[in-house]
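Student: Please take me through the ligand site in detail, and then through the salt bridges.

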Amino acid sequence: MLTKILIANRGEIAIRIMRACRELGIKTIAVYSEADHNAQHVQFADEAVLLGGAAPKESYLNVEALLRAAHDSQADAIHPGYGFLSENASFAAAVASANLTFIGPSADSIRAMGDKAESKILMKKAGVPTVPGYEGLETYEEFLKAANEIGYPVLVKAAAGGGGKGMRVVNAESELKEAIELARSEARNAFGDERLLIEKYLAEAHHIEIQVFGDKHGNLVHLFERECSVQRRHQKIIEESPSPLLTPELRAKMGEAAVNAAKTVGYYNAGTVEFIFDPKTQQYYFLEMNTRLQVEHPVTELVTGLDLVHWQIRIAAGEKFPFSQSDLHQHGHAIECRVYAEDPTTGFLPSTGKLLQFIQPQGPGIRVDSGFAAGDEVTHFYDPLLAKLIVYAGNREDAIKRMQNALNDFIVHGVVTNMDYMRAVLETDDFKTGKVTTRWVETKFGEWSIPQPELNALIAAALADVVFVGGKAQPAVSNETDPFNPWKQTGNYRN
Ligand code: MV4
């Protein structure tokens, strides 16, 4: 069994991983940048090691500093979390070469699934449905012929891309040549690899992903789906399980396809197979496989009752995963809202500042995975995710109601958040009826402003010298000496 784990990450996911370690009796080592010296994850760990400067390349992406920290603190494993180095095959290999356990898949699995052309070829061989298209094309003439065979609109993707990076939609032949040239130069600059894929673009479709989990002894299962179509510029905002679109038959078929996809690379540990689902044809197609624990994993934990990080650690230590597919069931409904320090009224620009108030909701079926507390500084150095608010209820309608109330009870003063925006999304008929596709935010909910009646109330309150806390008006703090006086803070429209 592992005795000491270094968490090569920060924020909410670092704390979340430390909670699983603590329950397993494993010591935790936090790493941090100079900007994070007071961060919650540093305080939560048993030990902490300074990596370097605030810039990720000097700290959380600094492989040499991370391995040195692991060595100096006698860690026997490293958990990468998500983002940063979590899908960097060279890092996974370097961890193994340092005789440390990498809590995740093999470097080979990461490398294979990181190449979107290679992974698509693997899927075709395994009989996993893929989007009609071509890999390995070189000349414009080849792309032109392929696009005419596929039929417009087509999507040009970078083979070394992923998560929407290096993707271009082409609606007509007249746009193709420029799109190919731009996509190629972007791919070369961003990834040092200019290979492109071309495929049919499924515009009105849903992003549905399947959680898979395997041990090092050949047992590989799926843990059902997550619906992730509420996204803005490839940043997920709201995720849920089950998907309102899947029938039990479709769920079983997509789960089997996801397991087959993972088996093509001998996958072990936690992974997610992404599909695009077209409700009109009821067809699903493999998009890519994420070889890491995902931000939205709590949604799966709540409907399956499993602690995924707990099992990641035990699998990494060589234990067998004691569940067969027939042992696993999906119960109830879970929804996650990602609370970002971003201002939806200014095109989601990051909002920075000191957190004056950070009051988390509580009650039955409410979970908050947070990396911040009142008094903390929200900086511009890292992803602006403040917390994940996840709710669980017996059915989708109750889960939506619970989420709306929990968002109301989540009080954040000092930075502007996207919570009112998410509450507005949850209130739409499109969301309630499961009609939100991957393009819905951009086409129907991209620009947003505070509804005028609410804005009037806020203006009246400001003039009347009150602030709203938990939806209730309170006398505004007026004495000038109070450092937490909300009137001192700019950019927080709640004042
Ligand atoms: C697609 C697609 C539609 N048709 N491929 C986005 C990033 C990566 N997961 C692959 N993605 C997509 N690939 C085909 N052939 C739709 C997506 C997609 C998406 C596309 C545009 C805007 C937002 C999106 C959100 C999720 C998935």
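Tutor: **The ligand site and the salt bridges**

A side-chain N or O atom of K157 lies 3.1 Å from a nitrogen atom of the ligand, which is a polar contact (a pair of N or O atoms within 3.5 Å; within protein, one must be able to donate a hydrogen and the other to accept it, and residues adjacent in sequence count only if both atoms are side-chain atoms). The protein covers 94% of the 530 Å² of accessible area that the ligand has on its own (Shrake-Rupley method, 1.4 Å probe). This is a predicted model, in which local features need pLDDT of at least 70 and side-chain atom pairs count only at pLDDT 80 or more, while totals for chains, interfaces and linings use all residues. Residues are numbered from 1 along each chain as its sequence is written, and side-chain values use heavy atoms, with hydrogens and water left out.

L202 instead uses a polar backbone atom, 3.0 Å from a nitrogen atom of the ligand. Strand 7 (154-162), strand 9 (196-200), strand 13 (269-278) and strand 14 (283-290) each give two or more residues to the shell; strands here are DSSP runs (E, at least two residues), and helices are runs of H or I with at least four, both numbered from the N terminus. There are 18 residues around the ligand, and G164, E199, K200, L202 and E274 come nearest (a residue is near if one of its heavy atoms lies within 4 Å). Domain 2 (132-200) and domain 3 (206-444) each supply at least three residues to this shell, the bounds coming from an automatic or database domain assignment.

The whole structure holds 35 salt bridges (a side-chain nitrogen of Lys or Arg within 4 Å of a carboxyl oxygen of Asp or Glu). In one of them, E87 pairs with R292, with 2.5 Å between the closest N and O atoms. These two residues are 205 residues apart, E87 in the loop between strand 4 (77-79) and helix 4 (89-97), and R292 in the loop between strand 14 and helix 10 (297-304). E204 and R439 form another, at 3.4 Å. E204 sits in the loop between strand 9 and strand 10 (206-214) and R439 in the loop between helix 14 (429-432) and helix 15 (440-444), so their pairing ties together parts 235 residues apart in sequence. E204 is partly exposed at 39% relative accessible area, and R439 is partly exposed at 31% (buried is under 20%, exposed over 50%, partly exposed in between; 1.4 Å probe, protein chains only).
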